[in-house]
Amino acid sequence: MPDVVVVGAGPNGLAAAVVMARAGLSVELFEAGATIGGGARTSELMQSGHFHDVCSAVHPMAVASPFFKAFELFRRVNLITPELSYGSPLDGGRAALAYRSLDRTAEGLGRDGGAYRRLMAPLVQRIDDVMDFTQNQLLRLPRNPLAAGIFGLRTLEQGSGLWNARFKEELAPALLSGVAAHAISHQPSLAASGGGLMLGALGHAGGWPIPEGGSASIAAAMAQDLINHGGVIHTHTPIDRLEDLPPARATLLNVAPQGLLNMAGHALPTSYRGALESFRYGNGSCKVDFILSGPVPWTAPELANAGTVHLGGTRAEVARSENEVSAGKHPDRPYVLVAQQSRFDASRAPAGHHTLWAYCHVPAGSTRDMTEAVTAQIERFAPGFRDLVVESKAITAAGLAKYNRNYVGGDFSAGTMDLLNLVQRPVVSHVPWRTPLRGVYLCSSSTPPGPGVTGMPGFHAARYALQDIFGAPVPSLGFDAA
């Protein structure tokens, strides 16, 4: 009889299991798939020797989230950090470039350089306090009210009709909209601007690292730590009901609200069950992976040095595309997020070849293959791209939902990214990870702080399980604590 059982071996389930095992508890982790990782898997999707990240690809949170900082991930995984974090090309060969250096970034933004610096500098300077504020439950007093206030005011500005008030040209707004569109939300909106400002500040404070060997290396490091502390991992073991699990004092579920309903809906109080049933999932994505015979021939050559490229054009074009998705449409010119891991990590493809990771946003549950639209958008900013494509493979939003039970409708954020869903995730509570069932906790991205490879939902759930059930503090998570 283990002390703790965990369902779901994605980053959040692994984080929860690591915390509990390091507290000296016996832990068993159950994963439905053949491999661990969830949103941090890497696979040879098409040809041998060509490694593709199946979901997450670039990891600004890997060195910045409180969990991964305590876990000292940088000592366990080789994180390759490009000097150019991300870029947003415009027609005519222009591109807005976000370097790790804020000053260098501002210098390239023309007349708006000073305005961009003034927007971002206070966040970059207070990045630890910004991360503390954004990576915890919103219904609490921030440890640094000044940092929270600065972040909040900038979020209000960039999430409203005032978002262009400080800018005169196109580059800086395009740069901000490109990173804000990670949120899969209409623009302007508070959720998109808040997420974009946080990710943008991380791009200048520490960069957007790429794990050598693929995102799976992050999951592997967490799994190894769990095993080193006595944990046991079961793969090929789907859990459909709580009764399928061995008896344990604490159960931590890395599942979406729908998963909890399926597993234990009959045992939940009516009000809590109603909250889970009304939980809103967001729109989906269509992911397209490419094998290329050479690097992407960007019209703006500086983009060859960017780990991530946001394709959408001007701020107005990005907003139009995202708002079409919000209205249930498939954009003709979608916003496309591209990652160029093989430019920095030679292990991803054989010599002379490259792998390219890309996705665009689509309505929830979409079955449309967006390969042509994604290819056309890349070709728009990199003429000749089509001629380099050796092979491609798409997975639709409906396919993503089948791949991972938590991606309802193809929503890998596991919940709509808007202000209401940030507070009600999945219920309005000071401790939303705690369910009404004694000893049962939710630790998926459907709980605060939401999506991203942060480990924080798992960390929070484990922290409260330790407190509630075992009367124990959070253990040390550092690399030397094994």
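This is a predicted model: local features need pLDDT of at least 70, side-chain atom pairs count only at pLDDT 80 or more; totals for chains, interfaces and linings use all residues.
**Entry 1: the α7–α8 loop**

I started at isoleucine 184, which sits in the loop between α7 and α8. For context, most residues other than glycine have a negative phi, and most peptide bonds are trans. Is isoleucine 184 buried or exposed? I looked up a relative accessible area of 11% for isoleucine 184, so this residue counts as buried.

I stayed in this loop for proline 188, which is also placed between α7 and α8 (190–205). The peptide bond joining glutamine 187 and proline 188 is cis, and I noted an omega of about -5 degrees.

**Entry 2: helix α7**

Next I looked at α7 itself, residues 171–180. How many of its residues are buried? I found 10 of 10, so I wrote the helix down as mostly covered. My list of buried residues in α7 includes Leu171, Pro173, Leu175, Leu176 and Val179, along with Ser177 and Gly178.

I then checked how the chain is divided. Domain 2 covers 98–207 and domain 3 covers 283–411, while domain 1 is made of the pieces 4–41, 61–75, 212–281 and 413–470. The centres of domain 2 and domain 3, taken over C-alpha atoms, are 24 Å apart.

I counted the contact from both sides: 16 residues of domain 2 touch 15 residues of domain 3. About 1,300 Å² is buried between domain 2 and domain 3, and carbon and sulfur atoms give 57% of that area. Which residues of domain 2 lose the most area to domain 3? My answer is His182, Ile184 and Gln187, which together make up 39% of what the domain 2 side buries.

For polar pairing, I found nine residue pairs in polar contact between domain 2 and domain 3. Which element gives the most to the side of domain 2 that touches domain 3? It is α7, with six residues. By class, that side of domain 2 has seven nonpolar, eight polar and one charged residues.

**Entry 3: salt bridges elsewhere**

The structure holds 20 salt bridges, and I looked at three of them.

- Aspartate 91 and arginine 380 meet through their side chains at 3.0 Å, N to O. Aspartate 91 is in the loop between β6 and β7 and arginine 380 is in helix α13, so this pair ties together parts that are 289 residues apart in sequence. I have aspartate 91 as partly exposed at 39% and arginine 380 as buried at 16% relative accessibility. Asp91 and Arg380 also belong to a network of salt bridges with Glu317 and Arg333.
- Arginine 111 pairs with glutamate 169, and the closest N and O atoms are 3.2 Å apart. Arginine 111 is in the loop between α3 and α4 and glutamate 169 is in the loop between α6 and α7, 58 residues apart. Arginine 111 is exposed at 58%, whereas glutamate 169 is partly exposed at 32%.
- Glutamate 157 pairs with arginine 166, with the closest N and O atoms 2.7 Å apart. Here I noted glutamate 157 as buried at 16% and arginine 166 as partly exposed at 25%.

**Entry 4: aspartate 411**

I looked up aspartate 411 in the loop between α14 (397–403) and α15 (419–423). Its relative accessible area is 2%, so aspartate 411 is buried. What does aspartate 411 touch, leaving out residues up to four places away in sequence? I listed Tyr281, Gly282, Asn283, Gly284, Asn406 and Thr416. I also noted the backbone nitrogen of serine 413, 2.9 Å from a polar atom of the aspartate 411 side chain.

Histidine 236 has a positive phi of about 55 degrees and is not a glycine. I placed histidine 236 in the loop between β9 and β10, and at 58% relative accessibility this residue counts as exposed. Last, I found a cis peptide bond from proline 448 to proline 449, with omega near 5 degrees. Proline 449 lies in the loop between β16 and α16.

Definitions and conventions:
Residues are numbered from 1 along each chain as its sequence is written. Side-chain values use heavy atoms; hydrogens and water are left out. Buried means under 20% relative accessible area, exposed over 50%, partly exposed in between (1.4 Å probe, protein chains only). Helices (H or I, at least four residues) and strands (E, at least two) are DSSP runs, numbered from the N terminus. Domain bounds come from an automatic or database domain assignment. Contact means heavy atoms within 4.5 Å. Buried area is the accessible area (1.4 Å probe) that two parts lose on being put together, summed over both. A polar contact is a pair of N or O atoms within 3.5 Å; within protein, one must be able to donate a hydrogen and the other to accept it, and residues adjacent in sequence count only if both atoms are side-chain atoms. Ala, Val, Leu, Ile, Met, Phe, Trp, Tyr, Cys and Pro count as nonpolar, Asp, Glu, Lys and Arg as charged, and the others, Gly among them, as polar. A salt bridge is a side-chain nitrogen of Lys or Arg within 4 Å of a carboxyl oxygen of Asp or Glu.
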